[in-house]
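Here is a friendly walk through one protein model, with a pocket, a helix and a few single residues as stops. Please keep the viewer open as you read.

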Amino acid sequence: MEIGKREKLFHAIVFFVENTKACHKVKLCKLLCFLDFEIYRQTGKSTTGLQYFAWPMGPVPRDLFEELSAPRADMKKALVIHTAPADDPDGDCRLTILPRIDFDEGLFTKRELKEMERLVEIHRTATGAQMKLASHERGLPWHQIYEVEGRHQELIPYDLILDDRPDSVTKERADEIEREGRAVAILFK
């Protein structure tokens, strides 16, 4: 993951933790997934750069999920992560995340901020279990990989979210954007 993407990831986490109720590990993973896939659908690029996998509980950003248990130094500077007793029937209250940094909206595009605000409005009081159910809906990428194709634990390709709505990029345009991003990354290595 690019350095800038990690910074955006930390600030997206801060935004969701500060603006929703009981934003623990499961809920956070689903909010980030919804954000990344919707922004990808509209622009051909995700916000955080995370990759999501088809786990039984829904789409999971495996690397982040694992890092939350053993945070790297830059994550420790941005977030306080600790385990708390389960006080929620979902069992999702074991991990508590608190920001050490102030949210920086300047890291995000207007489109990303609007989507983050929309997600908060919809899921402000949702529990981890409710978020899990929302991520399992028919027609969403997790459902296609896990339920339809039976590819458990496998990577969920972002292009599964592309559709024929007027604000969606095409598969061809998304591929072009990805090629351009790789070429730019090589130039700046």
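What volume does the second largest pocket have? The second largest pocket has a volume of about 450 Å³. This is a predicted model, in which local features need pLDDT of at least 70 and side-chain atom pairs count only at pLDDT 80 or more, while totals for chains, interfaces and linings use all residues. Residues are numbered from 1 along each chain as its sequence is written, and side-chain values use heavy atoms, with hydrogens and water left out.

A pocket here is an open set of points on a 1 Å grid over the protein atoms alone, where a 1.4 Å probe fits, with protein on both sides within 12 Å along at least five of seven lines; lining residues have an atom within 4 Å of a point. The volume is the space filled by probe spheres set on the points, which are joined across faces, edges and corners.

The lining of the second largest pocket has 23 residues, and Phe34, Glu38, Arg118, Leu140 and Ile161 lie nearest its centre. At least two lining residues come from each of α2, α5, α6 and α7, and α5 gives the most, with 5 residues. Helices are DSSP runs (H or I, at least four residues), as are strands (E, at least two), numbered from the N terminus. By type, the lining has 14 nonpolar, 3 polar and 6 charged residues. Here Ala, Val, Leu, Ile, Met, Phe, Trp, Tyr, Cys and Pro count as nonpolar, Asp, Glu, Lys and Arg as charged, and the others, Gly among them, as polar.

Next comes helix α6. Its buried residues (under 20% relative accessible area; exposed is over 50%, partly exposed in between; 1.4 Å probe, protein chains only) are Gly128, Met131, Ala134 and Ser135. Why do they lie on the same side of α6? Because they cover an arc of only 120° around the axis, taken from the directions from the helix axis to the C-beta atoms. Among the elements that cover these residues are α2 (25-43), β2 (58-60), α5 (110-123) and α7 (141-148).

In α7 itself sits Pro141, which is buried at 7% relative accessible area. Leaving aside neighbours within four places in sequence, Pro141 is in contact (heavy atoms within 4.5 Å) with Phe37, Ile156, Leu160 and Ile161.

His11 is placed in helix α1 (residues 3-19) and is buried, with a relative accessible area of 8%. Beyond four places in sequence, the residues that His11 touches include Phe103 and Phe108. Those two phenylalanines also belong to one aromatic cluster with Phe15 and Phe16. Rings of Phe, Tyr and Trp (its six-membered ring) pair if their centres lie within 6.5 Å; planes under 30 degrees apart count as stacked, over 60 as edge-to-face and the rest as tilted. The count comes to 9 aromatic pairs. Phe103 and Phe108 have ring centres 5.6 Å apart and planes at 20°, so the pair is stacked. Phe103 is partly exposed, at 23% relative accessible area, whereas Phe108 is buried, at 7%.

Most residues other than glycine have a negative phi. Ala22 and Gln153 have positive values.

The C-alpha atoms of Gln153 and Pro141 are separated by 13 Å, with the two residues 12 apart along the chain.
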